[in-house]
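Thanks for taking a look at this model with me. Below are some numbered notes to read alongside the coordinates.

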Amino acid sequence: MTTRDTNATDGAPILELVNLKKYFQQEGLASAFLRRKRPPVRAVDGVSFRVTAGQNFGLVGESGSGKTTIGKTILRLEQPTDGSVLFEGADVHRLRGGALKEFRRATHVVFQDPNSSLSPRMRVRDIVGEPLSVQGVRGAALRERVAEVLQLVGLSPDAARRYPHEFSGGQRQRIAVARAVAADPKLIVLDEPVSALDVSIRAQILNLLRDLQDRLNLTYLMIAHDLAVVYQACDTIGVMYLGKLAEQAPSEALYREPLHPYTRILLSAIPRPDPTQRHERLPLTGEIPSPSAPPPGCRFHPRCPIAVERCAVDEPEWREVEPDHWVACHLV
Amino acid sequence: MTEQRTRASLADADTILSVRNLRTYFYTRDGVVPAVDDVSFDIRRGEIVGLVGESGSGKSVTARSIMRLVPVPGRIVSGEMIFQGRDLVGVSEGEMRQLRGAHIGMVLQEPMASLNPVLTIGDQVGELFAYHPDRAPDGSRDDAVAEILQRVRIPDAVRRMTEFPLSFSGGMRQRVCIAIATACRPELVIADEPTTALDVTIQAQVLDLLLALRAELGVSVLFITHDLGVVAEICDSVAVMYAGKIVEYNDVESIFARPQHPYTKALLASLPRLGERLAHLPSIEGQPPDLGDLPPGCSFSPRCPAAIDRCREQAPDATAIPGASGSGHVRCFVAADMLAAGAATANAAPSGSTP
Amino acid sequence: MARSDALVAERDFFLPPPRRLGGLRRALRIFVRYPVFPIVIWTTVLLFAFFSPLVAPHDPFTLSLSDRLIPPAWEEGGSTSNLFGTDHLGRDIFSRIVYASRVTVIVVSVTVLATAAIGTFLGMLAGFFGGVVDAVLMRFVDFQIAMPGLLFAVMLATVLQPGLRNVIFIIIFFFWAGFARLVRAEVLSLRERDFVALSRVAGAGWGRIFLRHLFPNVLSTVMVIATLEISSVIVFESSLSFLGLGVVPPTVSWGQMLAEGREYMSVAWWSVAIPGLAIFIVALSGNLFGDWLRDVLDPHLRRAGD
């Protein structure tokens, strides 16, 4: 394995998104027969942020916010419509040859559902070893590394010759994590890594991820709908709404002093496991609008309790109101 | 043990459903799976009871047993479920059909799977009145349906009742499901993970709706969930299930303030919370057990930090917890010993006491 | 421990009484759970095909006009020397059935393997890449489904001349598209699974994704379709031979026997019934085995214990 040159404290951005946009063209009967193009779904519509090496970044948002599409675009599973993704300064979508191979080694992902992310007809050693064998690692070196990472995630080495269905849900997610760290990556995208797991297993996996980060010098980009999970796992949180970032701040600041009205509502909607603190939830009326026809001005204004006239007209600027605390709202 | 008799006698006239020693087993090719094993609890009028557990804990099978909709190869093997003076275990299928929908409503996790995509919302809500003419309104069906949809806060109900489920958002669909479950003003609604598939802001709306309906209709709710946060928000009392058994049952304040069972304690401690970032989350080691191959003694003993030898040999009975409602109980030797010793401070290390 | 013994006893109390299976019921159960019938039938057919000269009591091609239309052994006037009787030219029907199984075995094995290979390959391409490959393939499939198959086969056969090789060619031509369609549908859902995305994230190329991730997962489907296809192929081949477009005499096939016996049906039912029954039983075995295989390979059924 190569030794890494980035280290957790030097503060260099490992990942940077520059005005990233991803639109999906809708297909359907209407467009096929009437030759009338439907407006594209603006899944991601101009998102910029930086992830510092060693500092975990969390993206939270509800369904339709575009957070999953961002993850896929970073990993080159989607081509951006506009803007770019820079990994260690290089545009991810322009990488070719050896640089691309190195990018593949240096990044990996853990998805939500281990049932879907582990091929049912492959043995664990082939699943975990795939990122290595793609890199050309073979034979004894491959077997040793697989055994090593299995041990790292708390599985016994004899797990290697078994099939995924022989494991419980939590163990399957450990296999998925083992695979993600196998090729010694720098950045791992965690797409809802614990939301499909039983409550008693979630803490185990979160602790495992943290433990691996310390040992392997990793950076996580966590995508999740559960703000409490992201708050525990990440240093910086970006809150997405309808394809855009509404607010971004260090986790503690975001929780203590949320600035964007959507962030406040989101925080108040989270059920607290404490019956003595039943609180009035801030009202949020209606549902998230269609990303193919986002409202003009601020995207949140039709549901915003404090919106003024200007919010329906001008799109709020993405600005840094305090050090490292960014928000897109006219009224802050 | 006599605790359960005591609790039965405590069940007052306000009790709407009283489940006693319910056992639902699945007879599979590989053996007998005790999905629900000796479960007892009460639901009072207007009470919201949370049934909490992980996958395979038996919470959904409990719900299905009450509806008498246990899928094959499962079967209710023993117990009582007294609902309005009748034991649901014994009533005929015809009688049960009269109860379902009219007296006991049900809301499931996936609203889209619960609704028929080719029928209008109005037809699906109004359908209930055809099955239960005694609970049908006197006036026109459409008026009644519109009123029911307004009751679940669906805006523009008169127009929207002519639409199909596909034109509704996820949250609105779940409101429709709640409308169907409450159309006949049932005494009890069983809600099986009703907000799990919803976004958190939509979940908050649905929880508020359930609380409002409880106030308006006086309906009782059996709320099945894996989310302790949701339980804390809306439930009055809580039953925590593990491997087919209720390991702890108490009013919601007591459960969260003074959990007795090591599983409840560990579960509460391991929740990722807002407000304090921890370097290490307390976690429960090991995996939930395979119901077809349970460990001897207490099913939680292999994962339990407080387990003593006795826990690995015998299964504990329910022991009453002196608490606010008087009907709380816990299935744990260590907790029972501490309660008996009057050592209510839950943090004290268990002494390796012998029976 | 006394207490836990009591618990065990209590649990046993709720178990249904252990079923005592009689010999007959146990046999029935094995019959239901395992594909006994198809295996017996196919073993027999294979033995017939490989050892025809040893199994057949008579030469299937020898004419004997004095022995015309002898009924089967169990009918009045039949004899054990001609178990299933003789046909209108005095040939032993049992021996002809045995020799005809060779055609069945050859046609089935060649066509099923070939259609499975072609259909799987093209179906996977179409399902994974979509686009032009998919459009062309699916239009071809539509074309085949809309076309009256046998009619077109008759046309083809008259152009190509009857014969074993052309029978095989026609069957492959007609059967691969069904495979391709089902494999394509399977791949369409597989490619959305996360393990395919993970493989791409790891940097795997198309070849690897096809071989390591898609193929092993469609294999069980392919095997099930292939088994179910066997019966269709047998019936199709018989139909062609019945219409005189299949194998040419002296090669004998079951469909051909059916056609020859048709004229004598009123006086010698067995000359039609025996080859018809052979086709029916062997085709049925294919379907029964396919159903069994589908149940065994279905991961949902196997995962029931989770």
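Which residue of β8(A) does A:Leu190 stand opposite? A:Leu190 has A:Met222 across from it in β8(A).

1. Ground rules. This is a predicted model, in which local features need pLDDT of at least 70 and side-chain atom pairs count only at pLDDT 80 or more, while totals for chains, interfaces and linings use all residues. Residues are numbered from 1 along each chain as its sequence is written, chains are lettered from A and ligands numbered from 1 in the order in which they are written, and side-chain values use heavy atoms, with hydrogens and water left out.

2. The sheet in chain A. Eight strands of chain A form an open sheet in the order β6-β7-β8-β3-β9-β10-β12-β11, with mixed pairing. Helices (H or I, at least four residues) and strands (E, at least two) are DSSP runs, numbered from the N terminus, and two strands pair if DSSP finds at least two bridges between them. The edges are β6 (107-110) and β11 (319-322) of chain A, each of which pairs on one side only. On average, neighbouring strands of this sheet are turned by 20° against each other, direction ignored.

3. The β6 end of that sheet. Helix α3 (residues 97-106) of chain A packs on the sheet, where it touches β6 and β7 of chain A, and its direction makes about 40° with that of β6(A). Contact here means heavy atoms within 4.5 Å; axes are lines fitted to C-alpha atoms, for helices over the stretch in contact, and angles run from 0 to 180 degrees between N-to-C directions. Four bridges join β6(A) to β7(A) in parallel, and A:His108 has A:Ile188 as its bridge partner in β7(A). A:Thr107 and A:Val109 point to one side of β6(A), A:His108 and A:Val110 to the other, and all are buried (under 20% relative accessible area, with exposed over 50% and partly exposed in between, for a 1.4 Å probe and protein chains only). Next along, β7 (residues 187-191) and β8 (residues 219-224) of chain A also pair in the parallel sense, over five bridges.

4. A covered helix in chain A. Helix α11 (residues 261-269) of chain A has eight of its nine residues buried, so it is largely enclosed by the rest of the structure. Among the buried residues of α11(A) are A:Pro261, A:Tyr262, A:Ile265 and A:Leu266. Their cover includes α9 (227-233), β9 (236-241), β10 (244-250) and α10 (251-256) of chain A, together with α9 (200-217) of chain B.

5. A covered strand in chain B. Strand β8 (residues 220-225) of chain B is mostly covered, with six of its six residues buried. B:Ser220, B:Leu222 and B:Ile224 point one way from β8(B), and B:Val221, B:Phe223 and B:Thr225 the other way. Five bridges tie β8(B) in parallel to β3 (residues 48-52) of chain B, with B:Gly50 opposite B:Phe223. Another parallel pairing, also of five bridges, joins β8(B) to β7 (residues 188-192) of chain B; there B:Asp192 is the bridge partner of B:Ile224.

6. Chain C overall. Chain C has 13 helices and zero strands. Of its 306 residues, 43% are buried. Among contacts in chain C with a separation of 6 or more, 71% are between residues 24 or more positions apart.

7. Helix α5 of chain C and its partners. What is the angle between α3 (residues 36-50) and α5 (residues 93-129) of chain C? They pack at about 100°, with their axes 8 Å apart, and are therefore roughly perpendicular (angles of 65 to 115 degrees, with under 35 roughly parallel, over 145 roughly antiparallel and the rest oblique). The residues of this contact divide into seven nonpolar, one polar and one charged. Here Ala, Val, Leu, Ile, Met, Phe, Trp, Tyr, Cys and Pro count as nonpolar, Asp, Glu, Lys and Arg as charged, and the others, Gly among them, as polar. α5(C) also packs on α10 (residues 206-242) of chain C, at about 140° and with axes 7 Å apart; this pair is therefore oblique.

8. One more helix pair in chain C. α11 (residues 254-261) and α12 (residues 270-297) of chain C pack at about 155°, with axes 8 Å apart, and are therefore roughly antiparallel. The contact includes C:Trp254 and C:Leu258 of α11(C) and C:Val272 and C:Ile279 of α12(C).
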